[in-house]
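Subject: Structure handover

Hello,

Here is the structure I promised you. Please open it next to this email.

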Amino acid sequence: MSFYKYFKICYDWFVALVLLLVLWPLLLVLIFVSAFDTASNGLFIQERVGQYGRLFNIYKIRSIHRFSNKQSQFGEFLRKSKLDELPQLINILKLEMSFVGPRPDIPGYYDKLNGENSKVLELKPGITSEASIKYRNEESMLREQENPLKYNDEVLFPDKVKLNLKYYYEMSLATDFRIMLKTVFKI
């Protein structure tokens, strides 16, 4: 295993642990408010495609009401601030995710890649990436489309694959830190 990959695993795990130790009170408050706001347990758990096509459960703070399927103002705040993704620190501790890597998608996308594009599956999914920065307003982009699913399948997803493949070939500590800094400034 290269120094970069070993360092990335250790760095991700250590930083996720420290952040969870520091942020657990905030995380509990956000989950509690979300539980009240969404009439649920406050967590959103969904199966996603991970490294090598393995399925795992991703954790987020729920932002959509359990019965009406509508996003609340608090949920909108969570999503815009990316605070809904704090529970993914647990995914990092479980070695299912990294801080930097392609955003994990639902089955039917990354797991269907072939040829050179399938190299993206060798990457551990991440909380942030160039693609997630570029498409940080993806939901509003899709709302503007006449056929959102077609637009996602024909425009957004292929571009995300291209950006993630570029990351695959340019992975380094410098690239990861650049993407993390870029993410912080975009939020």
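First, the ground rules. This is a predicted model, in which local features need pLDDT of at least 70, side-chain atom pairs count only at pLDDT 80 or more, and totals for chains, interfaces and linings use all residues. Residues are numbered from 1 along each chain as its sequence is written, and side-chain values use heavy atoms, with hydrogens and water left out.

Helix packing

Two packed helices are described by the angle between their axes and the distance between the axes. Axes are lines fitted to C-alpha atoms, for helices over the stretch in contact, and angles run from 0 to 180 degrees between N-to-C directions. Helices (H or I, at least four residues) and strands (E, at least two) are DSSP runs, numbered from the N terminus.

Start with helix H1 (residues 3-38) and helix H2 (residues 73-81). Their axes are 10 Å apart, at an angle of about 140 degrees. H1 and H2 are therefore oblique to each other. (Under 35 degrees counts as roughly parallel, over 145 as roughly antiparallel, 65 to 115 as roughly perpendicular and the rest as oblique.) On the H1 side, Leu30, Val33, Ser34 and Asp37 make the contact (heavy atoms within 4.5 Å). H2 brings Phe74, Gly75 and Leu78.

H1 also packs with helix H7 (residues 173-186). Here the angle is about 35 degrees, and the axes are 10 Å apart. Phe3, Tyr4, Phe7, Lys8 and Tyr11 of H1 meet Leu173, Asp176, Phe177 and Met180 of H7.

Two loop residues

Most residues other than glycine have a negative phi. Tyrosine 52 has a positive phi, near 60 degrees. Tyrosine 52 sits in the loop between strand E1 (43-49) and strand E2 (55-61). Asparagine 69 also has a positive phi, about 55 degrees. Its loop runs between E2 and H2.

Best wishes
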